[in-house]
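The sequence and structure come first.

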Number of protein chains: 2
Amino acid sequence: MIVALAGGVGGARLAVGLAAVLPPSQLAIVVNTADDFDHLGLAISPDLDTVMYTLAGVNNPVAGWGRAKETWSFMSALAELGGDAWFRLGDRDLAVHVLRTLALRRGRALSAVTRELAGRLGIRHALIPMSDTPVRTRVLTARGVLAFQDYFVRDQCRPRVRGFRFAGSRNAQPAPPLARIMRSRQVRAVVICPSNPYVSVAPILSVPAIRAWIRQRDFPVVAVSPIVGGAALKGPAAKMMRELGCEATALGVARHYGSLVDGWVIDTKDAKLQRAIERQGKTVLVADTVMNDRGKSRQLAQRVVSFARGLG
Amino acid sequence: MIVALAGGVGGARLAVGLAAVLPPSQLAIVVNTADDFDHLGLAISPDLDTVMYTLAGVNNPVAGWGRAKETWSFMSALAELGGDAWFRLGDRDLAVHVLRTLALRRGRALSAVTRELAGRLGIRHALIPMSDTPVRTRVLTARGVLAFQDYFVRDQCRPRVRGFRFAGSRNAQPAPPLARIMRSRQVRAVVICPSNPYVSVAPILSVPAIRAWIRQRDFPVVAVSPIVGGAALKGPAAKMMRELGCEATALGVARHYGSLVDGWVIDTKDAKLQRAIERQGKTVLVADTVMNDRGKSRQLAQRVVSFARGLG
């Protein structure tokens, strides 16, 4: 079994590829929930939904979030009524938020709700929130501490970041389906998807039992660099790295993860960094990591799986 | 000042007319809330919304509920996800439910939320839920006791009714803006709109202080018959009357209300019933009561207001 750690778009795209090359019994996709938040009384899980919609093939590939064939009547009526309209919720997308909120209020666990919603959308692979306990990313910025979505959506990542906190992580447990996999000793590799190291992957690793499990691993960890040619394909990863004094390159990312990662998959554009990363004691695979379509997701996933097996 | 008591469509149409002929300082529209319910975790107020949307001119005139230019993406996604789809919530309509639910959860009163939403929709007249305390209609039927929306929407009014209960009414207080009007002694008439006597008007009158205020009145109560030519223009009023052993005519309705009403407005189609109602000790106005458009609402409202003034 392979466990993939994923955030938003990049994670979702690799997850699609992994789901295409591995049967449901051999893949679990663990998703960041630290950007979840309550908005308009609804429980919103942006990364979970991006991965879920992408796996189900109902995602909006242009926006990178939300659903395809979406309509926006709710938002327009909400704005007319003076409601908070800075976080855009599509009409179809709302159905997931309403059902999730209802189930959570009734005491169901996020992991159970997610399994049910994913099943309804035809997803056969395990899609698991990192934890059923709320963990919330706080962004330490020059303008003070911001809730993640305030930083990310409302303020469009403009504030300069100084660091991150994952409120609630100290007492968070892995979601039960993940805990069962961790105990099973069936895991042959962990794949860190090309997701933001600070706000997608770090929150997952901030759950103490997950971090300890990876630290004490008897399986390889391979990671796909989220930085290609000195830039993130989407999102603020490169900006954050620069603001935190890191080099915004695949090498910088490799240094950031340090001993947590055994094998790096970097893009062909970054082939020149292969030696430098190898000098950090890592095995490196150079591949086309830009997943513009489901075919490329599948090709990359196939190479990542082979690479991980070779390291096992 | 005139206080109008209203339920759904018929009440909404007369309210529109009254709002056209009376300035905001001279009209308060009090709406049934006993068909409110929690659905999918949302606080739904069907009658309040029908009156609000109709006053604002954004209602769907064909359906008699919900908004014009509505879209249904939420419902289709909800059904796909296995959610309860028997109660239809349009995408625009949802904005009201989400904002109301959020405000109520934060401890705001329904009357305060309603004033705010109505204000945002450009309504200048007072639109007041009968009570901020939940009162809930239970329909006693041959199949047992049903929650109102289960009877009305899910079961399409098919079960034979044996009676009604208004759970919570005993301890319900008039909403504060209504209580202020009741105390003001400025009320010159109460108008009972052509709404269902059992499930729209009776719940309002089930609030003890409202009922006592009307019983001890020093102003006339005029009512517009919801039964025209032996049928309700919309909804199950006539069916309910027959099932409860009442004659489903304007005369039957007059008998039902008894001493609560001083003056009856009946439709020209029912002119032959005028004498019989007058023999009950009532004053009767025969008028065209079928409000197919806003012009006819206005005409009827003008006649109702003059009629009430004549009785004062």
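## Sheet in chain A

Two strands count as paired if DSSP finds at least two bridges between them. The model described here is predicted. Strand 6 of chain A, residues 136–141, is joined to strand 8 of chain A by six bridges, and the two run antiparallel. Within this pair, Arg136(A) stands opposite Ala167(A) of strand 8.

## Interface of chains A and B

The size of an interface is often given as the accessible area lost when the parts come together. Between chain B and chain A the buried area is about 2300 Å². Carbon and sulfur atoms give 69% of that area. On the residue level, 25 residues of chain B are in contact with 25 residues of chain A.

Two salt bridges are found across the interface of chain B and chain A. Glu80(B) forms a salt bridge with Arg67(A), with the closest N and O atoms 3.1 Å apart.

## Nonpolar core

In soluble globular proteins, nonpolar side chains tend to be buried together. The largest nonpolar core in this model has 120 residues, and Phe74(A) and Phe74(B) touch the most other members.

Beyond its neighbours within four places in sequence, Phe74(A) is in contact with Leu40(A), Leu89(A), Asp91(A) and Leu94(A), among others in the list. From chain B, Phe74(A) is in contact with Asp91(B), Arg92(B), Leu94(B), Ala95(B) and Val98(B).

## Asp47(B)

Is Asp47(B) buried or exposed? Its relative accessible area is 7%, which is under the 20% limit, so Asp47(B) counts as buried. Asp47(B) is placed in helix 2 of chain B, residues 46–56.

Not counting residues up to four places away in sequence, Asp47(B) touches Gly7(B), Gly8(B), Val31(B), Asn32(B), Asp35(B) and Ser200(B). Asp47(B) and Lys234(B) are 187 residues apart along the chain, and their C-alpha atoms are separated by 14 Å.

Conventions:
Residues are numbered from 1 along each chain as its sequence is written. Chains are lettered from A and ligands numbered from 1 in the order in which they are written. This is a predicted model: local features need pLDDT of at least 70, side-chain atom pairs count only at pLDDT 80 or more; totals for chains, interfaces and linings use all residues. Side-chain values use heavy atoms; hydrogens and water are left out. A nonpolar core is a set of buried Ala, Val, Leu, Ile, Met, Phe, Trp, Tyr and Cys residues joined through side-chain atoms within 4.5 Å. Buried means under 20% relative accessible area, exposed over 50%, partly exposed in between (1.4 Å probe, protein chains only). Contact means heavy atoms within 4.5 Å. Helices (H or I, at least four residues) and strands (E, at least two) are DSSP runs, numbered from the N terminus. Buried area is the accessible area (1.4 Å probe) that two parts lose on being put together, summed over both. A salt bridge is a side-chain nitrogen of Lys or Arg within 4 Å of a carboxyl oxygen of Asp or Glu.
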